[in-house]
Amino acid sequence: MVYAILLSLGGLVGLAIGGELLVRGAVGIAQKLGVSTLFTGLVIVGFATSMPEMVASVQAALEGSPGIAWGNIVGSNLANTLLILGATALIAPIALSGGGRRDAVVALGATLLLAGLAYAQIGAHWIGAVLLAAIIIYIVWRYRHPGAAQEGEDDDDAPQNGYVASALFAAGLAVLVFSGQILVTGAIDLATIFGVSETAIGLTVVAFGTSLPELAASLAAALRGKAGLAIGNVVGSNIYNILLIGGVTMSIAPFALPENLLGLQMGLLIASAVALLLLLWFAKSIGRVLGSILLAAFLANVAFVLA
């Protein structure tokens, strides 16, 4: 048991370090490309911070543990919306000025598609191909319509050297791959030792660990007054988790989603996507009270899953 715990903790720490390196490199590359803060959050940082989920889910699928893979995807999206936005708002209330509305619609659409696949209990290689095609279309669309930075969000950071940014990105990716392998190994062992399902481990331990880069990126962005980056990171990561990571997972292991993701988990996932959409369209900020509610919902769900 000690070995399994050490593997899991080592994997979590490695994912956090690798994710931080990857995010720094991705932001540096975005600065060199001269794209907007919101686009950076949605596409560049959203992609970079989703790599821990990608590595963990793909590794789980390759090892014949689709429960961990899909539990990680659903759990990570719940962590993004409830844990990360909630914790970020508690520390520094997030001002909303309309950015990311269209992307929240895409995120909700992807969530409903995932729910449809889950309830229909179907899985096939062609479904994975469709999901991957959808993320490519999204990226092209966002590149052509990047949007502007939110008001008051001048990109005043000193641009990184392009070679340094690329080196950070590559180093972060390498650390992520190694850490994802040992995390999944430890998670599978823990599920066996404690007699809980692999899906439950994916929803909690693995999802939390792979969401650490998003948490770090959003907290740093909010503290520096870059609300567009914080929101874009969460919304973009939610889209990538379902379309990109779900697409790759389905392509590798074309099986139906685990049945224990139905009911409360899928309902909460849809509700969180709807709530995020409504906030971006109608709210002016995410304050500490709302942040507390989001965080409490996340913790309550974790307790329910592990009970």
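On a 1 Å grid over the protein atoms alone, a cavity is a set of points where a 1.4 Å probe fits but cannot get out, and its lining residues have an atom within 4 Å of a point. Grid points are joined across faces, edges and corners, and a volume is the space filled by probe spheres set on the points. By this rule the count comes to two cavities of 30 Å³ or more.

This is a predicted model, in which local features need pLDDT of at least 70 and side-chain atom pairs count only at pLDDT 80 or more, while totals for chains, interfaces and linings use all residues. Residues are numbered from 1 along each chain as its sequence is written, and side-chain values use heavy atoms, with hydrogens and water left out.

**Confidence**

The predictor's confidence in each residue, pLDDT, runs from 0 to 100; its mean for the protein chain is 83, and 91% of the residues reach 70 or more. Over residues 149-158, however, pLDDT stays under 50. Where pLDDT is low, the predicted coordinates should not be read in detail.

**The cavities**

| Cavity | Volume | Lining by class |
|---|---|---|
| Largest | about 40 Å³ | three nonpolar, five polar, no charged |

Helices are DSSP runs of H or I with at least four residues, numbered from the N terminus. The lining of the largest cavity includes Asn77, Thr81, Asn238 and Ser272; α4, α5 (101-120) and α10 (264-282) each supply at least two of its residues, and α10 gives the most, with three. Around the second largest cavity, the lining includes Gly75, Leu203, Phe298 and Asn301, and α11 gives the most to it, with three residues.

**The nonpolar cores**

A nonpolar core is a set of buried Ala, Val, Leu, Ile, Met, Phe, Trp, Tyr and Cys residues joined through side-chain atoms within 4.5 Å, where buried means under 20% relative accessible area with a 1.4 Å probe, protein chains only. The largest such core has 79 residues, and those with the most contacts (heavy atoms within 4.5 Å) inside it are Val74, Leu85, Ile231 and Ile286. Helix α4 (residues 66-91) gives the most to this core, with 13 residues. Apart from it lies another core, of seven residues, including Val23 and Leu229.

Technical notes
Buried means under 20% relative accessible area, exposed over 50%, partly exposed in between (1.4 Å probe, protein chains only). On a 1 Å grid over the protein atoms alone, a cavity is a set of points where a 1.4 Å probe fits but cannot get out, and a pocket is an open set with protein on both sides within 12 Å along at least five of seven lines; lining residues have an atom within 4 Å of a point. Ala, Val, Leu, Ile, Met, Phe, Trp, Tyr, Cys and Pro count as nonpolar, Asp, Glu, Lys and Arg as charged, and the others, Gly among them, as polar.
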